[in-house]
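Work through the exercises below with the sequence and the model open. Each task is followed by a solution in steps.

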Amino acid sequence: MTDFKNTYCMHTATCGQLRKEDVDRQVVLTGWAWHNRDHGGLIFCDLRDREGYTQVVVDPDCVTADEFSIAEHLGREFVLQVEGKVRARGEGMVNPNMPTGEIEVLATALKVLNTSVTPPFSIEDGIETDETTRMKWRYLDLRRPEMYANIKLRHVVAQSLRNSLNKRGFLEVETPILANSTPEGARDYIVPSRPNPGKFYALPQSPQQFKQMLMAGGIERYYQVARCFRDEDLRADRQPEFTQIDIEMSFVRGDDVIDMMEDVMRELLETVGIDHPFPLQRMQYREAMDRFGCDRPDVRFGMELVDLTEIVRGCGFGVFAKAVDAGGVVKCINCKGAGDWSRGEVEKLAKVAEENGAKGMAWIAFTTDGKEKSPIIKFFDDETYAAIKEAADAQPGDLLLFGADTYETVSAVLSALRLTMAERLNVPREGHALLWVVNFPMFRYDEEQGKYAAEHHPFTHVLDEDLDKIEDAPLECGSYSYDIVMDGFELGGGSIRIHNAEEQKRVLRRCGVSEEDLEAKFGHLIHALELGTPPHGGIALGLDRLVMLLAGKPSIRDVIAFPKTSSASDPMTGAPNQVTGRQLKEVNLRIL
C-alpha cells in the first residue's frame, strides 16, 4: 500500500489503507462521498478513493456547526477532505466485507472540495447500466473499483514487460505515427498533409517496417509500447486504435525469440499472481487446424474435430460423398451433454454454421434413453454408420455436428460451432492456457482479390527449403513464423524477417506488388536490406487483449481507459465529428 507521508498530496492516507493497528492515528483523507447515513444525530459517510473505502463518523460534538451541517447535506460524489482520528469500530459494528471494516475515522474537520450533481448511474461494481451510457460518462465509470482495478492491472502488466525487456538489453525507441501508407492487411487511417497538397500520411497499423530499419541501424534489441491504428470492423477484442508491445531482435533464430518471450511471460505471470507451466507447448499450424479448426485454439477443453473423410467416401449420403469427391473433407465434433436437445434447438445452430460459410448443417443426436435421432441416419449403411459412431466416440447423451465442404470452410464452421457449444453447455474453461502455434504457411490465395497474399505479412522469411517455390508453388511455401495463443485468442504474432533484398522483392511480387510500388512503397526497406541488414526477428503482443484475458473480462473496452464503441465512435467526446469548411480548405479537401 502506498505510504503518503512524504508525497505531495492533500491526504496522509488512502481510503483503503487504514487497519486496526492505525487506531489513535491522526489522519487526513480525501475522496468521494459514496454512502451517507444519519443515525440519530451521528452522520456516517463511506468515503471512497482509488484504493478503497473508509467509514467516516461526523459527531456534532467534534466538528463545528457549519461542518456538521455540511455532513447532513452531503450528496453522492461530493469531493471531500476529512481530518480525524482512527478508532476501532464498536462491538457488532465490524464490517468483514471491507478491508477497513475494523476501523472508522472520527472527523474533527470536514471540507467540501467540490459538489456533484446526481450521477447518471451508481458508482459501484455490478451495475446493470448499458455500455454506451457507461462510455458516455467514462470518467465516472473509471471511479468504480473494478474499472480502476483493470486500469491498474494494465499499468502493472506494461511495467512488468518493460522491466523484463530492459534487463535483457532492449532499448525503448519511438517510431513515427505519421508515415507512408503500405499494405498491412487492413485499411489505413489517412491524414492529409497541409504543406503537401493532395498527399497523405497513414497512421501506422504497426511499426513493422520501422523496427526492421532499426535493426538495419544496429539498434539490435528494440521494443516499444506502440499505438497502432486499423480501420476495420470492430468486435469485442478489436479497437480502431490499440496498443502493442512491439519487439525486435537482431542475430536471432525463431527459437531465440520464442525462448526470450517465454522468460518475459513467465516473469509477467508471476508478477500478477498466475501460475503457469513453462516451457509452453509448440503446436504446428497444421495440427492446430486439423484438431481445432483454427490457428488460435482454446486448449482448455476438448470437443476436437474428428476427420471422417475416408469413412464416408462414396457413402449413400450425397452431401458427404460429393464434398469428398470434390477434394473436400467431412468432419464432426462431439458435443457431449447435448444429445437430449430438441430438434428445434439443434437446428438453430445452423445459423452459426451458415455465418461461417456452410450451406447447411447435418447432425445426429444420441439421447440418454438410447434413441438415435437425425434426418441423415437413413442414408448410411450399417458399416459406415458404426464407423462414424466409433470414430466420434458417440455415447448416449452426445450430439454430433458435421461439416462437409472445403478444408477451410469446414475448419471455420466447426471451430465456430465448437466455441458456441462450449458456451451453451457451460463447458469448464478454468485458468489460463498458453501455447505457441508455429510454422504458418507463407501464402494464401485471396479469392476476393484474385491474387496471393501473405498469411502473416510479406516481410516474413520463407523456409530456406521452400525459397525455390515462391513463384511457381506459393501455397507450398512454409515460413519462419509463430503466434503465442492464450485461452483461444491470438495474444501476439511474430516471425523471422526477410533480411535479403532479393527475397523481399520476390515475396512482394508474388503478393501482386507492381514494380512501381516496389520502389514507391517499399523502397526504403529494400534499400536497407541491400546495405547489410542482419538476420532479425521479433513479435508484437496485443496489450489490450493480454490485460483483458488476465482480468477475465469479455471485452477489451473494459481495460482501455477511453475506448470506442463498435461503430468506432466515442460517446463521451462525440468523435468522430464534422470539421469546419476552413479546416477542409486548409488541407485542400472538400466533402462530396
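**Exercise 1. A bent helix**

Task: Find where helix H15 bends and by how much.

Solution. H15 bends at Phe522, by about 85°; the bend at a residue is the angle between axes fitted to the seven residues ending there and the seven starting there. The model is predicted: local features need pLDDT of at least 70, side-chain atom pairs count only at pLDDT 80 or more, and totals for chains, interfaces and linings use all residues. Residues are numbered from 1 along each chain as its sequence is written, and side-chain values use heavy atoms, with hydrogens and water left out.

Next, check the span. H15 covers residues 515-530, 16 residues in total, yet its end C-alpha atoms lie only 17 Å apart, whereas a straight helix would reach 22 Å at 1.5 Å a residue. The expected span is 1.5 Å times one less than the number of residues. Helices (H or I, at least four residues) and strands (E, at least two) are DSSP runs, numbered from the N terminus.

Then look at burial, where buried means under 20% relative accessible area, exposed over 50%, and partly exposed in between (1.4 Å probe, protein chains only). The buried residues of H15 are Leu518, Phe522, Gly523, Leu525, Ile526, Ala528 and Leu529. An α-helix has 3.6 residues a turn, so residues three or four places apart point the same way. Among the elements covering the buried residues of H15 are helix H5 (208-216) and helix H14 (501-510); contact here means heavy atoms within 4.5 Å. Just after H15, Gly532 has a positive phi of about 80°.

**Exercise 2. The partner helix**

Task: List the buried residues of H5 and state what covers them.

Solution. In H5, Gln208, Gln209, Lys211, Gln212, Leu214 and Met215 are buried. Their cover includes strands S9, S10 (241-250) and S22 (536-542), together with H15. Just after H5 comes Gly218, with a positive phi of about 85°.

**Exercise 3. Two cavities**

Task: State how many cavities of 30 Å³ or more the structure holds, and describe their linings.

Solution. There are 2. On a 1 Å grid over the protein atoms alone, a cavity is a set of points where a 1.4 Å probe fits but cannot get out, and a pocket is an open set with protein on both sides within 12 Å along at least five of seven lines; lining residues have an atom within 4 Å of a point. Grid points are joined across faces, edges and corners, and a volume is the space filled by probe spheres set on the points.

The largest cavity has a volume of about 50 Å³. Strand S9 (residues 221-229) contributes the most to its lining, with 4 residues. The lining also includes Thr175, Pro204 and Phe210. By class, the lining has 7 nonpolar, 3 polar and 1 charged residues. Ala, Val, Leu, Ile, Met, Phe, Trp, Tyr, Cys and Pro count as nonpolar, Asp, Glu, Lys and Arg as charged, and the others, Gly among them, as polar.

The second largest cavity holds about 40 Å³. Met135, Arg138, Phe562, Pro563, Asp570 and Met572 line it, which gives 4 nonpolar, no polar and 2 charged residues.
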